[in-house]
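These are my notes from an afternoon of looking things up.

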Amino acid sequence: MKTAEVSKKVYYIGVNDRTTTKFEAMWPLPYGVSYNSYIVVGAEKTAIIDGVDAAHAFSQIAHIRAILGDRQPDYLVINHMEPDHSGAISALRAEFPGLTIVGNVQTLGMVKGFYGEVGATLSVKDGDTIALGPDETLRFILTPMVHWPETMMTLFEEEKILFSGDAFGCFGALNGAVIDTCMDTDRYFPEMVRYYSNIVGKYGSFVQRALKKLEGVDIAAICSTHGPVWKERIGEVVSLYDRLSRYEPLDNGVTIVYGSMYGNTEAMAEAVAEELAAAGVRDIAVHNASYSDLSYIIADIFRHKGLVVASATYSGTLFPPIAAVMKAFAVREIKNRSMAVLGSYTWAPAAAKELERLLGECSVEPVAAPVSVKQAPDADALAACRELAAALASTLA
């Protein structure tokens, strides 16, 4: 990725990664991912904002040299310590030995824990500022647990540019352009939902606190650590993060996720999908939990108001892929969903009961009693599935 001008004093110095197949070794990256870094060039001093993954450190250094020439950067501001952003610290310090690392007390503890002694550091608190010149002020906004305890944002006050760390980020490499005004950004919004729901989804209350801190702050550009620089669509991006962090469904669609060994539970899920469609539900996502990647299932659950979970009984409990979905649901503390439960069994009716128990622990009430089917579903069982679907559809308007 080439360097790009965000403003006359701010430059993009990030990189694209199109070879890593799974983010955090879990979440697929079919369109790659960008590791975004920026440099603010002040009249007196310069500041690098966030690093990149260690594998791309030399590209970042080359970008810095291209912009600064023989001038040395003064600060490295770390908004987030996850190694995809901090991995280049050692290489940057080796290349620029006069660099001072800037972070809050949690950040600097993690710097030492991950990378050992790295030389000069500057600890900042919420609201602190540093000056890069008479008209270049950086203010630090602490946003803990979005989504690590040390996370913060940095505001270039005079130019109203917010370096937001992982907040407002998304999957997807940058395809030539950097700023949203120069590209078709529609493709990034589904990947923003998948990114938020999988990476940040558990921490909705903390995202809400961060958004409160930003109320009244005039923002001309959001420079996150993943995805485009947002200028034109800031309102949409902030609104999306606001809705997701309040666990507000984005539409009245339904996610159906099922686990089936021999097709019987699948037949029940198909009957539900058909009845929902007949009832006028247009957006229906059906996932076979044995084949769909968990990240796409979670993203659809965040997106849709309705959720149907169907599981075969396996060793006296849930079918393991459905158990993984339910664990992900519970970990993210998902709320405000209309839910229905289907279970099947051969001799011990465990699946539906276990799903009910887990939903009770999550304080989620199904829209109607579960449908539990012994062995293969007959016409009456499929009719019960359709009745359950109709009950669910009535809650979605």
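**Entry 1**

I began with Arg-65, which counts as partly exposed because its relative accessibility is 30%. The model I am reading is a predicted one. To place that value I needed the cut-offs: buried means under 20%, exposed means over 50%, and partly exposed is in between.

Next I looked for a partner of Arg-65 and found a salt bridge with Glu-95, where the closest N and O atoms are 2.9 Å apart. I noted that this pair links distant parts of the chain, 30 residues apart: Arg-65 belongs to helix H1 (residues 57-68) and Glu-95 to helix H3 (residues 89-95). Glu-95 has 31% relative accessibility, so I wrote it down as partly exposed.

As a reminder to myself, side chains of opposite charge can pair when their charged atoms come close.

**Entry 2: Glu-157 and Arg-139**

I then checked Glu-157, which forms a salt bridge with Arg-139; here the closest N and O atoms are 2.7 Å apart. Glu-157 sits in the loop between strand S14 (152-156) and strand S15 (161-165), while Arg-139 is in strand S13 (residues 136-142), so the pair ties together parts that are 18 residues apart in sequence.

**Entry 3: Arg-303 and Asp-283**

I looked up one further pair, Arg-303 and Asp-283, whose side chains meet in a salt bridge at 3.0 Å, N to O. Arg-303 is in helix H9 (residues 294-303) and Asp-283 is in the loop between H8 and strand S18 (284-288), so this pair ties together parts 20 residues apart in sequence. I recorded Arg-303 as partly exposed because it has 24% relative accessibility. Asp-283, at 28%, counts as partly exposed too.

After the pairs I turned to a group.

How many salt bridges does the structure hold? I wrote down 22.

**Entry 4: a nonpolar patch**

Last, I went to the surface. Met-261, Tyr-262 and Tyr-314 form a nonpolar patch there, and together they have about 370 Å² of accessible area. I picked out Tyr-262, which lies in the loop between strand S17 (251-259) and helix H8 (264-278). Its relative accessibility is 74%, so Tyr-262 counts as exposed.

Notes. Residues are numbered from 1 along each chain as its sequence is written. This is a predicted model: local features need pLDDT of at least 70, side-chain atom pairs count only at pLDDT 80 or more; totals for chains, interfaces and linings use all residues. Side-chain values use heavy atoms; hydrogens and water are left out. Patches are made of residues with over 30% relative accessible area and no salt bridge: like charges are joined within 9 Å, nonpolar side chains (Val, Leu, Ile, Met, Phe, Trp, Tyr) within 5 Å. Accessible areas come from the Shrake-Rupley method with a 1.4 Å probe; for residues, only the protein chains shown count as cover. A salt bridge is a side-chain nitrogen of Lys or Arg within 4 Å of a carboxyl oxygen of Asp or Glu. Helices (H or I, at least four residues) and strands (E, at least two) are DSSP runs, numbered from the N terminus. Buried means under 20% relative accessible area, exposed over 50%, partly exposed in between (1.4 Å probe, protein chains only).
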